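Open the model in your viewer and keep the sequence panel beside it. This tour goes from stop to stop, telling you what to select and what is there.

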Amino acid sequence: MADLANPQNTIAVLRKYQFHFEKKFGQNFLIDSHVLQKIIRAANITKEDLVLEIGPGIGTMTQYLAEAAREVVAVEIDSHLIPILEDTLQGYENVTILHQDILKVDLLALAAEKNNGKPIKVVANLPYYITTPIVMKLFETQVPLESVTVMVQKEVAMRMQAGPGSKDYGALSLAVQYYAEPYLAANVPPNCFMPRPGVGSAVIRLTCRRQPPINVKDPGLLFCLIRGAFQQRRKTLVNALSHFEELSYSKEELQRAVDGLGKGPSVRGEMLTLEEFAALSDILQDKKE
Ligand code: SAM
């Protein structure tokens with residue numbers, strides 16, 4: 001099969017099917033073989049692996065994945081792309097295309113059926129409009145995952161790997177780092193895509209942890225505190241949490257709990273590590289018991 005990473009071949013396929021890009025589906029197709037090779041290398045794909053690809057487009061990265069992996073399941077929402085994928089991927093017997101919205105796919109059932117419940121690898125050039133919902137679904141459904149190697153907007157990649165005190169640090173950094181270890185594999189400029197996106201992109205690999213890096217009595221409360229702390233990030237932590245409608249602690253209770261961290265009364269959430277959020281969560285949890 002012709003290498004779709006060659007822009008001439010991509011244009012030929014788009015013309016043949018009179019395909020029109022749908023902005024609402026975040027369609028920016030990769031047309032750079034070096035970037036595709038970097039993604040495959042970063043994801044460490046072997047012939048043992050089941051790879052879940054989210055949003056295969058016209059199948060450019062799917063071809064690379066099919067060469068490297070044992071099996072590929074590619075989930076695409078746009079019905080116009082399904083006949084194209086059947087054409088461009090016809091030479092690959094190890095690829096299954098699912099015409100579905102990734103946010104509605106039963107990932108646990110998929111991992112059980114296709115990989116005997118063993119950890120799968122996710123690789124994707126993600127539709128940027130739903131990056132966070134997709135990444136959080138992958139982590140929160142507890143589907144067995146080895147790693148998630150994805151192209152995302154550059155700013156999002158920075159947020160995923162940011163630490164306390166940085167302007168990029170926030171709820172996404174803490175959520176991602178609770179479940180995985182991030183590694184920035186490549187920066188990718190707009191001219192590697194068709195059409196060119198209006199933002200820079202980056203490939204980030206999230207290697208999933210077998211155990212969370214911290215112990216916390218109630219992860220639900222931990223994530224609620226994190227959301228509350230960053231909803232109004234310029235406020236002190238106590239003020240932000242006391243105005244957060246999902247929590248029902250008094251300001252005095254919150255002040256005492258924050259004092260227990262020894263970081264001073266006017267500390268902001270953006271200065272706390274995951275360990276400190278976990279400690280705060282356990283102090284507040286003890287008050288409930
Ligand atoms: N993988 C292709 C490539 O790299 O050339 C296309 C990547 S493009 C950035 C994102 C793809 O995700 C598009 O094919 C788009 O139709 C698809 N997509 C968008 N929303 C989706 C959803 N909710 N579920 C599954 N696929 C989706």
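A cavity is a set of grid points where a 1.4 Å probe fits but cannot get out. A molecule sits in a cavity if more than half of its atoms lie within 2 Å of the cavity's grid points. Keep in mind that this is a predicted model.

**Stop 1**

Where does the ligand sit? The ligand is in the largest cavity. Now show the elements β1 (29-30) and β3 (71-76), which each give two or more residues to the shell around the ligand.

Next, show the whole shell of 23 residues. Leu30, Gly55, Glu76, Asp101 and Tyr129 come nearest to the ligand. Colour the shell by class: you get twelve nonpolar, seven polar and four charged residues.

**Stop 1: contacts with the ligand**

Zoom in on glutamine 27. One of its polar side-chain atoms lies 2.9 Å from an oxygen atom of the ligand. Move to leucine 30. Here a backbone N or O atom lies 2.8 Å from a ligand oxygen atom. Then pick isoleucine 77, where a backbone N or O atom is 3.4 Å from a nitrogen atom of the ligand.

How much of the ligand does the protein bury? Taken alone, the ligand exposes 600 Å², and the protein buries 99% of that.

**Stop 2: aromatic rings**

The whole structure holds nine aromatic pairs. For one of them, select phenylalanine 139 and tyrosine 179. Their ring centres are 5.1 Å apart and their planes meet at 10°, so this pair is stacked. Planes under 30 degrees apart count as stacked. Now trace the chain: phenylalanine 139 is in helix α6 (residues 131-140), and tyrosine 179 is in helix α8 (residues 171-179). The pair links distant parts of the chain, 40 residues apart.

**Stop 3: aspartate 106**

Go to the loop between β4 (95-99) and α5 (107-115), where you find aspartate 106. Its side chain reaches the backbone nitrogen of leucine 108 at 3.3 Å. A polar atom of that side chain also lies 3.0 Å from the backbone nitrogen of alanine 109.

**Stop 4: two backbone details**

Select methionine 194 and proline 195. The peptide bond from methionine 194 to proline 195 is cis, with omega near -15°. Proline 195 is in the loop between β8 (193-194) and β9 (201-208).

Finish at asparagine 44, in the loop between α2 (33-42) and β2 (50-54). What is the phi of asparagine 44? Phi is near 50°, a positive value in a residue other than glycine.

Note on methods: Residues are numbered from 1 along each chain as its sequence is written. This is a predicted model: local features need pLDDT of at least 70, side-chain atom pairs count only at pLDDT 80 or more; totals for chains, interfaces and linings use all residues. Side-chain values use heavy atoms; hydrogens and water are left out. A residue is near a molecule or strand if one of its heavy atoms lies within 4 Å of it. A polar contact is a pair of N or O atoms within 3.5 Å; within protein, one must be able to donate a hydrogen and the other to accept it, and residues adjacent in sequence count only if both atoms are side-chain atoms. Accessible areas come from the Shrake-Rupley method with a 1.4 Å probe; for residues, only the protein chains shown count as cover. On a 1 Å grid over the protein atoms alone, a cavity is a set of points where a 1.4 Å probe fits but cannot get out, and a pocket is an open set with protein on both sides within 12 Å along at least five of seven lines; lining residues have an atom within 4 Å of a point. Helices (H or I, at least four residues) and strands (E, at least two) are DSSP runs, numbered from the N terminus. Ala, Val, Leu, Ile, Met, Phe, Trp, Tyr, Cys and Pro count as nonpolar, Asp, Glu, Lys and Arg as charged, and the others, Gly among them, as polar. Rings of Phe, Tyr and Trp (its six-membered ring) pair if their centres lie within 6.5 Å; planes under 30 degrees apart count as stacked, over 60 as edge-to-face and the rest as tilted.
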